[in-house]
Structure formats: structure tokens, C-alpha cells
Amino acid sequence: MSGRSNVPSSAILQPTVPQRMGRVALILLALLFLGGFLILPVVAVFAQALSQGWKLYFESIRQEDVLSALRLTALVASIAVPLNVVFGIAASWAITRFDFHGKSLLITLIDIPLSVSPVVAGMMYVEVFGLHGWLGPWLQEHNLHVIFAVPGIVLATVFVTFPFVARELIPFMQAQGSDEETAAVVLGANGWSVFWRVTLPNIKWALLYGTILAASRSIGEFGAVSVVSGHIRGQTTTLPLEVEMLYNEYSFTAAFAAASLLTLAAIVTLVIKKMIEVTSGVHPVPEEEEVES
Amino acid sequence: MTSLSRKITASLFLAIVTIVGASALSAQTHLLNVSYDPTREFYEEYNKLFAQHWKATTGEDVVINQSHGGSGKQASAVIDGLEADVVTLALAYDIDAIAQNGGLLDKDWQTKLPYNSTPYTSTIVLLVRKGNPQHIHDWDDLIRPGVKVITPNPKTSGGARWNYLAAWGYALHKSGNNEQGARDFMKKLFNNVPVLDSGARGATTTFVQRGVGDVLIAWENEALLALKEFGSDKFEIVIPSETILAEPPVAVVDKVAQRHGTEKVARAYLEYLYSPEAQDLEARYFYRPRLKQAAEKYASQFPKVNTFTVMEGCGGWQKAQAKHFSDGGTFDQIYGK
Amino acid sequence: MAIVQGNQIRKPGRRWSFVTKSSPLPGFRLSLGFTMVYLTVIVLIPLVATLLHAARGGFGVFLHTVTAPRVLASYRVTLGSSAAAALLSAIFGMLLAWVLARYTFPGKRILDALVDLPFALPTAVAGISLTALYAEHGWIGRYLEPHGIHVAFTPLGIVLAMSFVGFPFVVRSVQPVLEDLDPAMEEAAASLGANAWQRTTRIILPVAFPALLTGSALAFARAAGEYGSVIFIAGNMPMKTEITALLIVTKLEEYDYAGAAAIAGAMLALSFTIMLVVNLLQWWIQRREGRRV
């Protein structure tokens, strides 16, 4: 990175007083922006959640409906995320380790879910699995429930988190190249042992990173899940939907209490992400002393 | 490639089927009541009452699940396959839509239970801030310049359609059945609407919680509930000189109940809504009961109102829908142009 | 799997461990097979079902539906707000990327981690929280309303929510580029007498521009599809603050499935156009850069 130049930067350019002031002003502006735009909404969630005291807060999050929403959210994430992890590994293996026609088309197709509105995504599954969709009548005949049941919520979640793992892995594995794996194969290792012994240890941080992103999105998805959920209390209501539902019932404190659980999950996600970045160098952060003179 | 992809497809499919199967397994008598927004509190209590009653009369346990949302949205979910055993929606048109689009119940569903299948009624009233600072006493006050009116979107909200038709009926009578006059009135009214929420609950939240607007057009039960939840020291109810008789209907979704084998309990669930115990409960949750006994007991809560029905106001829901709320209907014509 | 034909060299007798021209590694069929099947089941089939439904009524009906006044107004609201949000995201995203890439100050790592908060925070939570802050009696709204600045339930609120979900895309696109940009270049320019403005416009912006453009386009795409956070704050008035994603939900609620599918189709077309434009832009910039160097 900055090590490219051998001349110590301070030798050429000592920041002048106006430059220092400009620097401080820019930093303050950035802090102000983040404070007002990012931190305040988070603080507001907790302030509203605790506005009636801790006792009511704990009562709110221990309601049976909130707990069952929490369980459903965990269930959905624990199905959708592993599926996408397997997909992400398979896709990036195929894309970065082999050459074939239509590769760039495939990469584009993988990105589709990022640009499709979540609401449209939910609707797409209604088109396929709804009573008037392609598979609806057949599903009904066999008494299988997809839409307005847990499988539909899982599908919608899989869709919106579809590219996350693949997008982290593809550039990473591309940059890494396949020399080590090729060497292992040449030395006689079989495919799976190459994968477990060579590839996986190399990509573990990027993989974890992508997994965290996918997990966090699948916990928080609202639009797509809202279309396919059916909003049955205690059965097909995920935590974000429960937040909306409580909000609509005038239970504002309870709504913000449930929202605070999701916010905590988001903060935990950020912390884990940061830890991965710092310990592994995936998405490296700049060295702090790099630029400062 | 074929045999491998087939294996992969098969295992993916198997995974999905397993999940599906697991969720379908729980075998107990379950009833799903798909309802609209403002009935949440009432059905939560009623379900307990009915479960007790059912246990006492048949010895069976029944678990009732609830789904709430905008009436139109709920109806379309049922059409798309949300497996409702019973629907309890805001207006007959939405249940008609289920009968027409899905064939899930008979078109004459409304004749199957007493009072056109509406066990309780309500009406449309005006909720204003304490002291009525804008001096709102009737519909006419809503079209004064500068008065901010909150009402949800009649395209999506059942309650909003009742609101719309209540105002329309009033305007029509006032202008001596002159449609153009009524249309001008509605145009002025909706010019005063700064926020158009998608559901009745959203509109109440906007008015009550966020403090937007001078007057909320609302279900009487919703307005009374707001007084109860937020304190009668903050809001007042104004009964307009003339308003609509809102009849939220209920029906068994025959096809679904047949498939689930829940016809008997579903029918009993709705019939019990007409029982003295249930009527009393309805009144406590601010719905106007049909039974005289309950009506008299709670008479102080429900002042006399001068009402007209949808049939009298616009010749029934099908006509009202086609004329006012379809694409290019009067609502589209008066709003946002 | 027409996509891979021609590139596989099939060795007779080694059905499952055949290799491609370029790689001795195993697992091509397995990984690509899984990728294609998964992609088809999760993304392509539902997508095709929706597009076919949109086309079922014929092109005339489709065109009539997607050009109805209320639908056109919703495009205007959605695209206009998304564009404004993308611009805001570009400005503040650039500022943050610059501060994070170049300056050192206490708490920088926390700040850096916080930028990803909108990725991690469920949109419904962001929606209720922003609404609570900016409504008439909210923490921020109460200071803005007396000055006639209405945020909640106006297009401004939509822009705000969209900027919230969009600006991390800009930061994360631009930040690595600025980190890679050698300060020595600017120092050299400074020693030759270039002032801060000249250094910014002549050195930094040209280098960061492609990334800035890509980031803004991603922010735009995300904003255009956003649903969860917008519906709480938008007020949802037809012709004024109704976004296209909400209109699809509205159509579904009005039992107008063909209409919903048609608008969804139009939105999909828009998403793909944005993706195409981003790719073309990147290609064009790369070519231009290549020529210059």
C-alpha cells in the first residue's frame, strides 16, 4: 500500500497550520455525520425500548410471541446461511479454478439478487408456489406448504442472501490463485482432501466474513419475508415482522424492545466482522500510522 | 452431467420437503383466523373464550392462530394460499373477492350466518385532539382549508373505504344527490390529507403517536381503543350528523376447512360470536353488539348515531368498489391531481 | 448446462474426474453442477415465472399498466429519491472514505466498523427508528418542524432512509482506492506548487472517480429497491410519496396480480439496466484509463 514510496512522506510535506485545521474540520464533519445519521437511530432504539424501565423491557422480550419469533428467525438463518455457504464455495470454486464459456454471465446471474427489490423477490416465490402459481395446485394436492409457511420464508431469505458468500470468496480465491491446490493434486491428494486441507484453511477468513454478512442479512430481512409470511402470530412471524406487528398494536415499547434485540445482533455482527478484518487481513484496514506525519 | 445434477436436485428437493413435512406435522386441532388490523385485541380474548367453550361442550382442545393485516392484503394472501379456516374481514367485498378469485367458498357465503354474517357492527367517527381546538363537529369541518385530516388509503385499507363511503354518503345527501357536488366535497377533503397510510392501524398511529393531523377518521372501535390506550385526556370523539353503518363480516373458508377437517369447529367458532358471552366481549372491545341485551348494557358507550348502509349509500359493495376504488374510479380522479 | 459445453475436454473413462483445459484440479462438474442447479431453483425459475406472468396479458396490457399515471408517479418518486440519495451518499461517502483512508484519530476503528451498520441493521428497525427521530415530536423532528422542514412523511424522508441504506456502498467502494493512492503523488504535486483544490480535482478525484461512480450506482440500485425502511417514513401517499415497491404490494392487495407482476417486471428491467450501466461504465473507465497509461 503506502510502502510503495520509499521516501518518508514527512520529509517532503509537513502539514501547515491551515492543513491541520482542514483535517480536523473534515474529521469533525465525518464524526458529526456518523453521529447524527448512524449512532442516533441506534441510541433512539434503546432509549425507546427502555423508556418504561428495565422491568417492562425484560417483560416485553420474554413474551411468548417475541420468543417464538426469535426462534423462527434463528431457525430460518440456520437453514438459509449454510445453504448459501455451500453454494458460495461451489460457485467460487467453479469460477476461480476453471475456465469455461459464459463465466461472466454466471457471475452476473449470481449478482441478480442484489439488485432485485426484496418485495419483488417475495412476489417471485408467490408466482411459483402460490395457490395460483406454477406449483401451487400440485403442492396443495399433496398438502405441502411453502408460501405462508416456514419453507417460503427460508426460500425468500436464501434469495436475498444468495450472493453474499460467493461475492466474498470469488475475488479472494481469484487473487490467491490455485498453485497450492495444484501442487497438492500433483502430489496425489484427492479432491476432498485438497479442499479440506488446502483450500479451506486458506479461505476460512473470507468465508467467515461472507457467512457473517449473510447471517446478518437473513436475521434482518423484512420486505421479501413480509410478502411470503402470512403473518401468523407465533408461527410464521420472524423477529423483524414481529417488530412491525407490535408497532401496529400500539405496543411501542415492546416493538422497540424487540428491535433492540435485532440491533444488538447487528452490533455483534459488526464486532465480529471487525475482529475478522483485524486478525486476518481480509478487507485490510489501513495501518494507523501510515499517513500521519 | 445428468445423473449428478439429478442427485443434487433430488437432495435439494428432499431438503425442502423435509422442512415442509416438519412444519405440517403438528397434529392438534388448529384453526387459523385471518382477520384485519383493528380486531387484534378482541380476537385474542375471544379465542380464549371460545377454546374454553369448545372444551366444555365437546371435550376437545382447539388452538386458534391469528393473522392480522390490512383487510385487502389478508384477502389476497388467502387467495394465494394462506390456509385460513375462517376469515373475519373489514368488509364483504374482500370475502367476495376470495369467493370469486379462488372459489374457496360459496358466492352466497353471506347468507350462511345471521345478520348478513356480521355478528357485530361499528361505525365511522371522528377523533380529534382534546378540547377540539379546530372546532370539528361534522364532515363539513373537514374540508375547511388548513384542517389536516388523517385517513388511510382506500385502495388498500378496508377501514378507509368505510371512511370514504361515509363521507361520500354525507356529501351526496347534502348536495341533494348531486354527484358532482359530492365529488367536489371529496376532492377538498382529500386535499386536506397529508399522510395516507396503507392501513387503519397505521393511520391511527400517525395521528395518535406521531401527533400528525387535526382529525382522524376512524372506526368507532378503533377510536374508543385509542382513548383507552392513550387516555381520554388527550383525545375526544366527535360523532358526525350522519355516518355509515360498518358491517365487518365473517365466513368459513369452506374448501380449506374441508381439507383440514375443521368445518365443524370453524362454523362453531363463528356461530359462537353471536352468543351472549361473546356479544358482551365484543361490546367490551368497542364493537356494537347485535344482541339487545348486550347493546343495552353498554348503551352509554355507544351513543345513538344516524347511519346509512352501503346498500343505501351506493348500492352495495360491488358497485361501490367499481365506482370509487377501481383504477380510474372517483378516488383516482379526485386524488393527487 | 449448455453454458460449459465446448470447454470441457472429456477424457474417456474418467467420468467424474475430468479436467478442463486450464486446470488439473478436480470438482469442476460437482461445483458448477451444484451452482447451476441452485441458481436455477432459487433465482432463475422464480424470475422467469414473474416475467412470464407479466407478459401473459400481452405487451399492450403490460405497457398500459406500467405507464399508468400513478405508476409513473411512483417511478418519479423512487428514481428521483434514489438519485438524490445516491448523490448524498456520494458526497458523504467520499468524505468518510477520505477521512478513514487518510487520517488518524482516536476511535477510528470504531468509526470504520460503524460504517457497515446500515448493512447489518434490519431495515424495519432503521425505518421505525428514523421515523421516531424525524417525526414532529421526535428528537430531531422537533427542531426541524418549527422551521418548516418536514422530513417524516415527505420525499425528504424517503431520501433520508435511502441514503441510510446506500452510503456504505460508496464508502466501501472508494476507501480501498484512496488507501492505495500513494500520498507521494500529492506531495509531489504540492511541492510543485499545486494547492489543495488542484490536488483534489486533478489527482484524487480522477483516481477515485470510477470507484465513486460504481459505489453511487450500487447505492442507487439499493435505494431503488428499498422497501422496509422507506414504508415507515414515507407516508405512502399515491402520486406524492408512494414508492414503486410499495405500489407492487398495493397491487397485490387489490387482487391485481397481473398488474403487480407487470410493475415487478418493469422494476426488474430497471435493475438489470442499472447493472448493465455499471458494468459498461466500469469497462469504459478501464479502457480510458488503459489508454491514458
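A:K274 and C:D112 form a salt bridge across two chains of this predicted model, with their closest N and O atoms 2.6 Å apart. The pair belongs to a network of salt bridges that links A:K273, A:K274, A:E277, C:D112, C:D116 and C:R172. Over all chains the structure holds 33 salt bridges.

- Since C:R172 lies in helix α8 (residues 155-180) of chain C and C:D112 in helix α4 (residues 108-114) of chain C, the pair ties together parts that are 60 residues apart in sequence.
- C:D112 has 5% relative accessibility and therefore counts as buried, the cut-off being under 20%.
- C:R172, by contrast, is partly exposed, with a relative accessible area of 25%.
- Side chains of opposite charge can pair when their charged atoms come close.

**The interface of chain C and chain A**

- On this interface, 96 residues of chain C are in contact with 96 residues of chain A.
- The area buried between chain C and chain A is about 8800 Å², and carbon and sulfur atoms give 76% of that area.
- C:L25, C:Y38 and C:R109 supply 8% of the area that chain C buries against chain A, which is more than any other three residues.
- The rule finds 2 salt bridges across the interface of chain C and chain A.
- Between chain C and chain A, 9 residue pairs are in polar contact, both residues being at pLDDT 80 or more.
- Helix α1 (residues 28-56) of chain C gives the most to the side of chain C that touches chain A, with 20 residues.
- By class, that side of chain C has 67 nonpolar, 19 polar and 10 charged residues.

**The interface of chain B and chain A**

- Here, 34 residues of chain B are in contact with 25 residues of chain A.
- About 2700 Å² is buried between chain B and chain A, of which carbon and sulfur atoms give 63%.
- Several elements of chain B each supply at least two residues of the side that touches chain A, among them α1 (2-25), β1 (30-36), α2 (40-58), α8 (200-208) and α9 (220-230).
- The largest share of this side, 6 residues, comes from α1(B).
- By class, the side of chain B that touches chain A has 12 nonpolar, 12 polar and 10 charged residues.

**Salt bridges within chain B**

- B:R201 forms a salt bridge with B:E222, the closest N and O atoms being 2.6 Å apart.
- Because B:R201 lies in helix α8 of chain B and B:E222 in helix α9 of chain B, this pair ties together parts that are 21 residues apart in sequence.
- B:R201 counts as buried at 0% relative accessibility, and B:E222 counts as buried at 1%.
- The side chains of B:E247 and B:R290 also meet in a salt bridge (3.4 Å, N to O).
- B:E247 lies in the loop between β8 (243-246) and β9 (250-252) of chain B and B:R290 in the loop between β10 (288-289) and α13 (292-297) of chain B, so their pairing ties together parts that are 43 residues apart in sequence.
- B:R290 is partly exposed, with a relative accessible area of 21%.

**Surroundings of B:T121**

- B:T121 lies in strand β4 (residues 120-129) of chain B and counts as buried at 6% relative accessibility.
- Leaving aside its neighbours within four places in sequence, B:T121 is in contact with B:L245, B:A246, B:E247, B:P248, B:Y287, B:R288 and B:R290.
- These contacts of B:T121 include B:E247 and B:R290, the two residues joined by the 3.4 Å salt bridge.

**Nonpolar cores**

- The largest nonpolar core has 302 residues, of which B:Y46, B:F50, B:V87, B:W139, B:F190 and B:W317 touch the most other members.
- Helix α4 (residues 64-97) of chain A gives the most to this core, with 14 residues.
- Apart from this core lies another, of 6 residues, including C:A217, C:A221, C:I274 and C:V278.
- Beyond its neighbours within four places in sequence, B:V87 is in contact with residues including B:N33, B:V34, B:P249, B:V250 and B:A251.

Terms used. Residues numbered from 1 in each chain as written. Chains lettered and ligands numbered in written order. Predicted model: local features only at pLDDT ≥ 70, side-chain atom pairs only at ≥ 80, totals over all residues. Heavy atoms only, no water. Core = buried A, V, L, I, M, F, W, Y, C linked by side-chain atoms within 4.5 Å. Buried < 20%, exposed > 50% of the residue type's maximum accessible area, 1.4 Å probe, protein only. Helix = DSSP H or I, 4+ residues; strand = E, 2+ residues; numbered from the N terminus. Contact = heavy atoms within 4.5 Å. Buried area = accessible area lost by both parts, 1.4 Å probe. Nonpolar A, V, L, I, M, F, W, Y, C, P; charged D, E, K, R; others polar. Salt bridge = Lys/Arg side-chain N within 4 Å of Asp/Glu carboxyl O. Polar contact = N/O pair within 3.5 Å; in protein donor to acceptor, adjacent residues only side chain to side chain.
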